[in-house]
Amino acid sequence: MSQTTIPLYKNAIPNSIPSINDEHTEILNGITRITKVSVPTLSIFLPAKEKSNGTAVIICPGGSYVMVAAGHEGTDVAKKFNEIGVAAFVLKYRIPNAATMVDPSIGPLQDAQEAIKMVREGAKEFNIDPDKIGIMGFSAGGHLAATAGTHFNKSVIQNSNNTSLRPNFMMLIYPVISFADSIGHQNSREQLIGKHPTAQQVIEYSNELQVTGNTPPTFLVHASDDDGVKVENSLVFYSALIHNKVPAEMHIYQNGGHGFGMKLINAKELWMDRCKNWMENNGLLKQH
């Protein structure tokens, strides 16, 4: 397994305002938190060549759009994917901030789209199949992943080659999906679209309302007792997928709370094993 971290953009970072790089990393209660990200990067984890099956996953850690939980929702997960022959790319996306970007509401999506474009265009170099590139997100990173998976027809980046920005599949783990008052995650919503968003912005970023028949197949995980992001977020998204005849699988656990990463309270319940089975059933783990 090899790991390298590269800048997400080769040239100027789009939509950014020149500012001091104030990024800060700390470990709090065993969780790596990166705040004030204004210079996005992609950390590349490639499996051993003989193990590789050509599938790739871009991972968006959570953090309420305030920080990036880069360890238990990023690098740890990437290493686990490498064990089953999947290439993994951990995205350190920009934190919405009016001091560092012109339009904070599109900053994270620009980074997610750029990551998909970069991975797809570099498929040969990364030894992956350009038609087997998925996106995964935890919590607010799940909102970002779901936004990438429902807004791919609207490019917010320079894409002169017209590279497809559509992920081939999505994995959403205790995701923020909706910005509706009733079930939405208030902190994530305020961070991304401000304290007084327009009704149109709320609709646009409530991803359950953006699902179509062309939304990628999706795997969902949530806990019933999630006190951070209501389980209804996954339920309404799953319902929209089924309504649009999009292949979907959902695992709702009785206990788990929020932010459990790969480790549920019940150590016998390994949702990553369910995830692996789902990938297998969808032809994503076949040797290429």
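Two strands count as paired if DSSP finds at least two bridges between them. Strands themselves are DSSP runs of E, at least two residues long, numbered from the N terminus.

Before the details: this is a predicted model, where local features need pLDDT of at least 70, side-chain atom pairs count only at pLDDT 80 or more, and totals for chains, interfaces and linings use all residues. Residues are numbered from 1 along each chain as its sequence is written, and side-chain values use heavy atoms, with hydrogens and water left out.

Now strand 7, residues 87-92. How many of its residues are buried, meaning under 20% relative accessible area with a 1.4 Å probe and protein chains only? The count is 6 of 6. On one side sit A87, F89 and L91, on the other A88, V90 and K92, and all of these are buried. So much for the faces; next, the pairing.

Strand 4, residues 41-46, pairs with strand 7 in the antiparallel sense over 5 bridges, and T41 has K92 of strand 7 as its bridge partner. Strand 5, residues 56-60, runs parallel to strand 7 and is joined to it by 4 bridges. There, V57 stands opposite A88 of strand 7.

Terms used
Buried means under 20% relative accessible area, exposed over 50%, partly exposed in between (1.4 Å probe, protein chains only).
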